[in-house]
Amino acid sequence: MFADWPLLSLVIWTPILGGLIVLTMGDRMPEASRRVGLAFAVLTFLVSIPLFTQFDRGTHEMQFVEMIPWISTFNIHYHLGVDGISMPLILLTTFITVLVVIAAWEVIQHRVSQYLAAFLIMEGLMNGVFSALDAVLFYVFFEAMLIPMFLVIGIWGGPNRIYATLKFFLYTFLGSVFLLIGLIYLYTQSGSFAILDFHHLPLGMTAQMLIFLGMLLAFGVKIPMFPVHTWLPDAHVEAPTGGSVILAAIMLKIGGYGFLRFSLPIAPDAAMALDWLMVTLSLIAVVYIGLVALMQQDMKKLIAYSSIAHMGFVTLGFFIVFMIYNNTGSWQGAALGISGGMVQMISHGLISAAMFLCVGVLYDRMHSRRIADYGGVANTMPWFAAFFVLFAMANTGLPGTSGFVGEFMVILAAFRADFWIALLAATTLILAAAYTLWLVKRVVYGEVANDNVAKLTDVNRREFWVLGVLAFAVLLLGVWPAPLLDVLDATVDNLVRHIAVSKL
Amino acid sequence: MTFEIPDFIPVIPELFLLGMACFILVADLFIPQARRDITYGLTQFSVLGALVLTVWLAAPEVRITMSGTFVADPMSDLLKSVVLLISAVVFLYARPYLMTRDLYRGEFYVLGLFGVLGMMVMISANSLLTLYLGLELLSLCLYALVAFNRDSTQAAESAMKYFVLGSIASGVLLYGMSMLYGITGTLDIAGVTAGILTASGEFNMALVFALAFVVVALAFKLGAVPFHMWLPDVYHGAPTPVTLFISTAPKIAGLAIIMRLLVDGMGPLHADWQGMLLILAVLSLAVGNVVAIAQTNIKRMFAYSTISHVGFVLLAIMAGTTEGNAAALFYVIAYALMAAGGFGMVLYLSRQGFEADNIQDFRGLNERSPWFAFIMLLLMAAMAGLPPTLGFYAKLAVLQAVVQVGFIWVAVFAVLMSVIGAFYYLRIIKFMYFDKPEDRTELSRGMDVNVVLSVNGLLMLGLGIFPGILMSLTAAVR
């Protein structure tokens, strides 16, 4: 019944419209703004569900396509469509935004309508990023997203928020302008801004290299990769809980999505020539950033570094495919790495959101993120402790949780490429376990550390449901990842077939 | 020799404006200070009337009249309409400021109208002489306007500086033109082009000098580095409404004479002036963006931001393609709209005895007036070139033209500089949204200003979501 609805336009513009409505309600009616905000978030989630149920799993072609001319002078179209890579990310966005709106219910008391409007508008823009098939449209959504996030960190953030938000903005902006030059170059070569036309455009090696590096700057900052990751811990620490959740769960994924949508298919030969660089940077992220995470005194910073390490795993999965080819001489098994990276992205979206929400629960009660201020929380908050331990386990990649599936697939793929790479990648299992479980030990277990902890109250009904829904999703994806893998299959196979053909 | 009556129809808007300006000049003498609103009303009537006439008489073909000295073509129709529209907006924004400072006088409007007339003549110039005439008419009005607040020593100093340096630039331009006349034997721009084509076979020293003089003078008038020294001082010293006037419409007229003189007139020498413009553009981008960071006065900051925008316009012209020229037109129109809004906001915040020209004066605007903080947010985002605002498409069009002719590294440099530029626009957003207000005076400037300023800001978003409208207009006239 939804087949002829412009579903993608709806998931983009419904939340933006909702955001504008909430914005006009102003600060006089905070309760009403919350209700309207939640209504629009839920509505958007419901609208996005048919994208999953009506999705044709047998094809790699774009689905739910909408295309109307937008800027005729430059042959730019309002061109939307999703495939197996982008559809799950849209669902993740609409799902997480609902939780973020609920999580802000009592916590945000200052300028409520602007807060909710920022998140709703951001949701629409992120959906736009995932569904845009025109490079300019993509870039517009990609950049426009920065302004609400800049305001969210700057207005509702912690004490050092201005430094953090400027750093976040300028880092991301710096990266993305190189992407813009790359896209314009591709336009002058192909005469169109359609991303799918770029995929089939033959390009020389120098051009591919420069385009690849330009895109690497844009998406590498976004995801973020070592050594351009330093904005992330600052932004995460200073952002309000909702900001951290969106940042970790979705914005980082845009970097990964960019690699799959742009870098790999547009410049496959450059990607193959530079796979050593990508794999090395990924391994540094996994090992070195894992060690850095171990040393953190601040809970949010620890989770931020853990995010970088996990995203290192994603890029490893994406770029190991070329090493598999070089090693085995065939593209068999390459799909495993890319699918693994995708699963890891979705799973990390859920787990990091849950972890940040857990820290938010503690922060709302204690107004401290320092690990040393906590201890023995399990005694006063048993339900919270149960959730926190579950998500920590998922973060370490325990079988049965979603964290396991993606990591296992990527490590399997890495073994086909090179034993030593696989070995280094597998250290994540140890490192992640070390920093996450040590965090759990220091915060949750042990004797009640001080009077403040003794006075803590357990999660309320709202927090319980938010964490409960996430826990369900993490476990479901852990024991039954088939629905997600089915969606990915055709698209990832096609992507591997595409990059296997040289463009030179 | 027979005397031929020229075709007056294309010149009607100019004649109307001239007549009205003379009428207001006389009529204003008989209007008491308490009834100054009549002068204001007549001024708006003349500007809007000229706008209506321009749009009404617009025609798709090129019409040359007045013995070949005046041209009306689609480009001039478009640019004149924008100049007139923006001038009307400028007069509107300026009124509350002038009223609270004892500057609400007829001279402001008469000088303004003659300035607008000068711009229209510049835009329609088809001979070197008309071009120079329009430019001088505009410049003389601007010199007087800068010194309009005669009790302010700062304004007097700026006006003096502007006058001396501006006159030198005019002299340089005239010298260059005289050489062109010497080489080609004609003042007609098409004749100049033809003359250059025949003369440029072998190396011609006079032609090189003429070109250099013309480029320097034009760079000077636009404020491109290294001929930008006057610009920050004039922007800073002039009364804010005059700064608003200088920073908007004259930039469009300035681009028009570049189009007429350099792109059309000296088009055969493109290879020679391309390098000159490239250097000017690169330096303007670097100096404008980097120095703006150090400014604490918002008018000075906008002055340096103007310099960097001029850099972008010059980059587009440097490309020398149809796309490049269209991009330059698009950029300069977008810039004039942004600058009008930006200075409009500065005027909006100022009141009697308070200039609001410090960046810190924007502190906590979100708590004082969330709506106008949002409008300023849109304007700043547009100036920084962030999507989905108009400023982004302006930069996109310029970068596309630059990449197309193979100057990829120049494009990379330009975007790097705009990242630096983003910082100081973000700083204003930071003051508005992240800081607490120190001053909580009620903000209200009357319905007309509120509405027009809001529309001005929303236009950044509206034309950002539908940039195709303006883009196809500028592409059609080039």
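Across all chains of this predicted model, the count of salt bridges comes to 21. Side chains of opposite charge can pair when their charged atoms come close. I will go through some of the pairs.

Start in chain A. A:Glu31 and A:Arg35 form a salt bridge, with their closest N and O atoms 3.6 Å apart. The two are four residues apart in helix H2 (residues 30–53) of chain A, so about one helical turn separates them. A:Glu31 is partly exposed, at 35% relative accessibility, and A:Arg35 is exposed, at 54%.

Next, A:Arg365 and A:Glu463, which meet in a salt bridge at 2.8 Å, N to O. A:Arg365 sits in helix H15 (residues 334–366) and A:Glu463 in helix H21 (residues 461–479), both of chain A, so this pair ties together parts that are 98 residues apart in sequence. A:Arg365 is partly exposed at 23%; A:Glu463 is buried at 6%. Both belong to a network of salt bridges that also links A:Glu106 and A:Arg462.

Now chain B. Is the pair B:Arg36 and B:Asp28 buried or exposed? B:Arg36 is buried, with a relative accessible area of 8%, and B:Asp28 is buried at 10%. Their closest N and O atoms are 2.7 Å apart.

Staying in chain B, helix H17 (residues 390–404) has 15 residues, which should span 21 Å at 1.5 Å a residue; its end C-alpha atoms are 21 Å apart, so the two agree. Of those 15 residues, 14 are buried. After H17 of chain B comes B:Gly406, with a positive phi near 90°.

Last, the surface. B:Phe3, B:Ile5, B:Phe8, B:Leu15 and B:Leu18 make a nonpolar patch of about 550 Å². B:Leu18 lies in helix H1 (residues 12–27) of chain B and is partly exposed, at 34%.

Conventions:
Residues are numbered from 1 along each chain as its sequence is written. Chains are lettered from A and ligands numbered from 1 in the order in which they are written. This is a predicted model: local features need pLDDT of at least 70, side-chain atom pairs count only at pLDDT 80 or more; totals for chains, interfaces and linings use all residues. Side-chain values use heavy atoms; hydrogens and water are left out. Patches are made of residues with over 30% relative accessible area and no salt bridge: like charges are joined within 9 Å, nonpolar side chains (Val, Leu, Ile, Met, Phe, Trp, Tyr) within 5 Å. Accessible areas come from the Shrake-Rupley method with a 1.4 Å probe; for residues, only the protein chains shown count as cover. A salt bridge is a side-chain nitrogen of Lys or Arg within 4 Å of a carboxyl oxygen of Asp or Glu. Buried means under 20% relative accessible area, exposed over 50%, partly exposed in between (1.4 Å probe, protein chains only). The expected span of a helix is 1.5 Å times one less than its number of residues.
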